[in-house]
Amino acid sequence: MRVPTFVLDGCGDSFHAADEKQQKASTWLMALLCHHDHILWLLNMTSAGEKQHYALVLVKCLFEHLPAIITVGLLYDIGCQLEHSCKWKLLRDEILSRLKFGISIFHAYGHQWPCQIVYHP
């Protein structure tokens, strides 16, 4: 079951990592890892803040190297927001249909984000 759009709309403001005004470092790297924690691809981010295009490039690169029958579980610190952004067709439907988004415990622990609440229409 997908989280409704109105719930995700209120979720994005809760994440401090996405706030480029709260810059905490001068060097940013993003990596795509396998489940063994081996780096598959690494990229140098050129700006602060949570720029989803970096994650989307890594996902697109991954799917260029996978058979069409593979489903991927994507653990991303703001996975709910990345999935929500995909409504703008940032990834092809054949990729989106094979992606399952998740959020790491690092960002979810001890907080009640709107996207974590079980929704019953």
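Q: Among contacts in the chain between residues at least 6 apart in sequence, what percentage join residues at least 24 apart?
A: The share is 64%, where contact means heavy atoms within 4.5 Å. The model is a predicted one, in which local features need pLDDT of at least 70 and side-chain atom pairs count only at pLDDT 80 or more, while totals for chains, interfaces and linings use all residues. Residues are numbered from 1 along each chain as its sequence is written, and side-chain values use heavy atoms, with hydrogens and water left out.

Q: How many helices and strands are there in the chain, and what pattern do they follow?
A: The chain has five helices and four strands, and along the sequence they are arranged as α-β-β-α-β-α-α-β-α. Here helices (H or I, at least four residues) and strands (E, at least two) are DSSP runs, numbered from the N terminus.

Q: What makes strand 1 and strand 2 a pair?
A: Two strands pair if DSSP finds at least two bridges between them, and strand 1 (residues 28–33) and strand 2 (residues 39–45) are joined by six bridges in the antiparallel sense, so they meet the definition.

Q: Why is K89 called exposed?
A: K89 has a relative accessible area of 57%, and therefore counts as exposed. K89 is placed in the loop between helix 3 (79–85) and helix 4, and its phi is positive, near 65 degrees.

Q: How do you know that the length of helix 2 agrees with its number of residues?
A: The expected span of a helix is 1.5 Å times one less than its number of residues. Helix 2 has 13 residues and should therefore span 18 Å, and its end C-alpha atoms are 19 Å apart, which agrees.

Q: Which residues of helix 2 are buried, and what covers them?
A: The buried residues of helix 2 are Q52, Y54, A55, L56, L58, V59, L62 and F63, and their cover includes strand 1, strand 2, strand 3, helix 3, helix 4 and strand 4.

Q: What makes a set of residues a nonpolar core, and how many residues does the largest have?
A: A nonpolar core is a set of buried Ala, Val, Leu, Ile, Met, Phe, Trp, Tyr and Cys residues joined through side-chain atoms within 4.5 Å. The largest has 22 residues, and M30, L91 and L99 have the most contacts inside it. Helix 2 gives the most to this core, with seven residues.

Q: Why is R98 said to have no salt bridge?
A: A salt bridge is a side-chain nitrogen of Lys or Arg within 4 Å of a carboxyl oxygen of Asp or Glu. R98 is buried, and the nearest side chain of opposite charge, E94, is 7.8 Å away (Lys and Arg count as positive and Asp and Glu as negative; His and the chain ends are not counted). R98 therefore has no salt bridge by this definition.

Note on methods:
Buried means under 20% relative accessible area, exposed over 50%, partly exposed in between (1.4 Å probe, protein chains only).
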